[in-house]
Amino acid sequence: TKEQVVNDLPPITEQVIYCEMEETQKKVYESEKSKVRNSIIDNFEKNGVEKSSIHVLTGLTRLRQLANHPAMLDEYAGLNSGKFEEVTTRIDSIVSENHKILIFSSFVKHLEQIQQYLENKNIDYQKLIGSTTNRSDVVQSFQNDKNKKVFLISLKAGGVGLNLTAADYVFILDPWWNPASEMQAVSRSHRIGQTHKVFVYRFISAETIEEKILKLQDKKENIAQLFVNENNPLKLTDKDAVLELIK
């Protein structure tokens, strides 16, 4: 197991990269946050906390998307993203030095934004999402083809069971409700067979729900438990924590 050989693995360096939103992105985010907050509070009052989980998740997901890249939402297709600029700048630098990168996101639409950039820049890549059928071929291509510099991976498709030691950089584009999933993603590269030092970058849009999710993670609080309950998979368990996220 990894735990048994962890001392034999190369060192791993992790860093949080705080990204400033574009001005228009920031204005849109603040406007939408106000709408989401009012809608959630109204739903709590009308339907009660326990029956509001789906409504809350929908609102929080919308804010997470805006914090990443407004173009993930059709009505904001023309807007830019501060995080996107930071991520792509680092991709250019790392690829120019002949390294390989794993890029994880919980949003396929976010990966598609990066994919379009890679194609425009003629940077060769692979992609693994839920609809990918030839998983083994895609993985082997990335591992063995020196021209495949970037691997775009969705959380649901690539959380476990992949050996991607050809990469020595890992990008986590957005913080996830369950911190354990992030560690599983990092472990795709930092595992038996890795011979290089591994660098992990977590990209966080400053002054957004992402920063608050990160703070909850730092407190060792599993945000997934806000919504997940053994008896009812969508039973909201912490009203105050939700309101703090959209404060």
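1. Helices (H or I, at least four residues) and strands (E, at least two) are DSSP runs, numbered from the N terminus.

2. The model is predicted: local features need pLDDT of at least 70, side-chain atom pairs count only at pLDDT 80 or more, and totals for chains, interfaces and linings use all residues. Residues are numbered from 1 along each chain as its sequence is written, and side-chain values use heavy atoms, with hydrogens and water left out.

3. The buried residues of α2 are Gln25, Val28, Tyr29, Glu32, Lys33, Val36, Ile40, Asn43 and Phe44. Buried means under 20% relative accessible area, exposed over 50%, and partly exposed in between (1.4 Å probe, protein chains only). An α-helix has 3.6 residues a turn, so residues three or four places apart point the same way. The cover over the buried residues of α2 includes α3, α4 (82–96), α9 and α10 (239–245); contact here means heavy atoms within 4.5 Å.

4. Asn43 lies in α2 (residues 23–47) and is buried, with a relative accessible area of 13%. Its side chain makes a polar contact with the side chain of Ser52 at 3.0 Å. A polar contact is a pair of N or O atoms within 3.5 Å; within protein, one must be able to donate a hydrogen and the other to accept it, and residues adjacent in sequence count only if both atoms are side-chain atoms. Leaving aside residues up to four places away in sequence, Asn43 touches Gly48, Ser52 and His55. Gly48 follows α2 and has a positive phi, near 85°.

5. Helices α3 (residues 53–68) and α9 (residues 209–218) pack at an angle of about 110°, with their axes 9 Å apart. Axes are lines fitted to C-alpha atoms, for helices over the stretch in contact, and angles run from 0 to 180 degrees between N-to-C directions. The two helices, α3 and α9, are therefore roughly perpendicular (65 to 115 degrees). From α3, Leu60, Leu63, Arg64, Ala67 and Asn68 meet Ile209, Glu210 and Ile213 of α9.

6. Asn98, in the loop between α4 and β2 (101–105), has a positive phi near 70° although it is not glycine. Asn98 is exposed, with a relative accessible area of 57%.

7. Asn122, in the loop between α5 (108–120) and β3 (125–128), likewise has a positive phi, near 60°. Asn122 is exposed, at 71% relative accessible area.

Definitions and conventions: Parallel < 35°, antiparallel > 145°, perpendicular 65-115°, else oblique.
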